Structures are given as C-alpha cells and as structure tokens.
Amino acid sequence: MKVECKISTDYKEPYAVLHIEKMTPAIAEAIFLLERAETDSLTLIAVREGKTYFMEPEKLDLVCTEGREVVCYDGVKNRYVLSKPLYELEQILGSRFVRISKSTIINIRRISHVAAGFNGTMELVMKNGMESYISRSFRKVFKERLGLE
C-alpha cells in the first residue's frame with residue numbers, strides 16, 4: 001500500500017483520506033486506530049437505576065431508541081439511558097459503530113453473527129445475545145463497512 005504523509009503548520013487538525021477499492025479488515029483496523037487517537041477520551045454519560053455512569057463506547061453492544069428514550073446496552077445486557085439523540089451519537093461514536101435501522105446503531109466489534117431474515121432484512125445477533133434486524137435501507141452500508149460487498 002502506498003502511504004503519503006504531509007506535515008505543515010497549515011493543518012490545525014489532523015485528518016486522513018483513504019482511496020480504496022473496497023473495505024478490508026486491515027483497512028477497517030487502520031481506520032479504527034486513527035479514530036481512536038481522537039476518541040480515546042470519549043466517554044458517554046448514561047443513567048441506570050438513578051445512578052450516573054461514565055460509559056466507554058467500546059464496551060457498548062448497541063444503542064437504540066425505545067419509545068422516547070435513547071438507550072444503550074453493554075456486554076451483559078445492562079440497560080442505560082443516554083441524554084443525546086441517536087443522530088448525534090452516530091456522529092460521535094465513529095467507524096466502530098454502524099447504523100442498522102432508523103432506531104439502532106451497533107458496535108461492529110461486538111457482532112456475534114448475521115443471518116438472512118424476512119423480506120430482504122438480515123438478522124443480527126450481538127455477543128451479549130441481543131438480537132436486532134438490519135433493515136433493507138441500511139443493509140448496503142452495513143455490508144460495505146464490514147467489507148462484505
């Protein structure tokens with residue numbers, strides 16, 4: 001792979017541009033490492049049973065809307081309520097997470113397996129045992145992010 005690095009005082013914030021034919025696990029890992037440099041200090045504030053918790057995103061399996069609440073679940077299915085809207089969380093969480101429906105964002109590192117579902121959907125099972133569906137409108141982006149297409 002060809003790598004080019006430009007150093008200049010004109011750049012106030014580092015950024016990277018990748019020109020690739022398709023997503024591969026190695027490229028996904030490189031993106032993860034680059035983004036982690038910016039998000040290592042990222043902590044989400046969540047509430048559970050009246051207590052406030054500081055959540056590290058990599059420990060979350062999924063984030064979704066349930067009624068009027070935005071909630072997240074960790075590796076042992078603990079449910080936490082978040083104060084940020086889903087669209088804002090999608091931007092904050094970065095490439096480790098991908099939206100699979102209008103109401104759900106999942107941690108791609110916490111996927112157990114995926115299987116074909118009904119009417120073009122895909123069933124997804126997380127490592128904590130929670131199940132969800134990848135809707136048809138989000139299926140293409142999901143496959144691209146995992147390097148399946």
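Helices (H or I, at least four residues) and strands (E, at least two) are DSSP runs, numbered from the N terminus. Keep that handy for the tour.

A word on what's on your screen: this is a predicted model, where local features need pLDDT of at least 70, side-chain atom pairs count only at pLDDT 80 or more, and totals for chains, interfaces and linings use all residues. Residues are numbered from 1 along each chain as its sequence is written, and side-chain values use heavy atoms, with hydrogens and water left out.

**Stop 1: the whole thing**

Start with a cartoon view. You have three helices and ten strands to find, and along the sequence they run α-β-β-β-β-β-α-β-β-β-β-β-α. Along the principal axes, the C-alpha atoms fill a box of roughly 50 × 40 × 25 Å.

How many of the 149 residues count as buried? The share is 32%, where buried means under 20% relative accessible area, exposed means over 50%, and partly exposed is in between (1.4 Å probe, protein chains only). Among contacts between residues at least 6 apart in sequence, 41% join residues at least 24 apart.

**Stop 2: the cores**

Now select Leu62, Ile100, Ile106, Ile111, Leu124 and Phe142. These have the most contacts inside the largest nonpolar core, which has 15 residues. A nonpolar core is a set of buried Ala, Val, Leu, Ile, Met, Phe, Trp, Tyr and Cys residues joined through side-chain atoms within 4.5 Å. β9 gives the most, with three residues.

Apart from this core lies another, of 14 residues, including Ala46, Val63, Leu86 and Ile105.

Go back to Ile100 and show what surrounds it. Ile100 touches Ile106, Leu124, Ser132, Tyr133, Ile134, Ser135, Phe138 and Phe142, not counting residues up to four places away in sequence.

**Stop 3: Arg99**

Next, click on Arg99, in strand β6. Is Arg99 buried or exposed? Arg99 is buried, because its relative accessible area is 12%.

Leaving aside neighbours within four places in sequence, Arg99 is in contact with Leu86, Tyr87, Glu90, Thr104, Ile105 and Phe138.

**Stop 4: Cys64**

Select Cys64, which sits in strand β3. Cys64 is at 7% relative accessible area, so it counts as buried. With neighbours within four places left aside, Cys64 is in contact with Glu69, Val70, Val71, Tyr73, Leu86, Ser103 and Thr104.

**Stop 5**

Asn128 lies in the loop between β9 and β10 (131–134). Its relative accessibility is 10%, so Asn128 counts as buried. Look for a polar atom of the Asn128 side chain 2.9 Å from the backbone nitrogen of Met130. Not counting residues up to four places away in sequence, Asn128 touches Asp61, Tyr73, Asp74, Gly75, Val76, Lys77 and Arg110.

Lys77, from that list, lies in the loop between β4 and β5 (79–82). Lys77 has a positive phi of about 65 degrees although it is not a glycine. At 44% relative accessible area, Lys77 is partly exposed.

For another positive phi in a residue other than glycine, jump to Glu49, where phi is near 50 degrees. Glu49 is found in the loop between β1 (44–48) and β2 (51–55). Glu49 is exposed, because its relative accessible area is 68%.

Definitions and conventions
Contact = heavy atoms within 4.5 Å. Polar contact = N/O pair within 3.5 Å; in protein donor to acceptor, adjacent residues only side chain to side chain.
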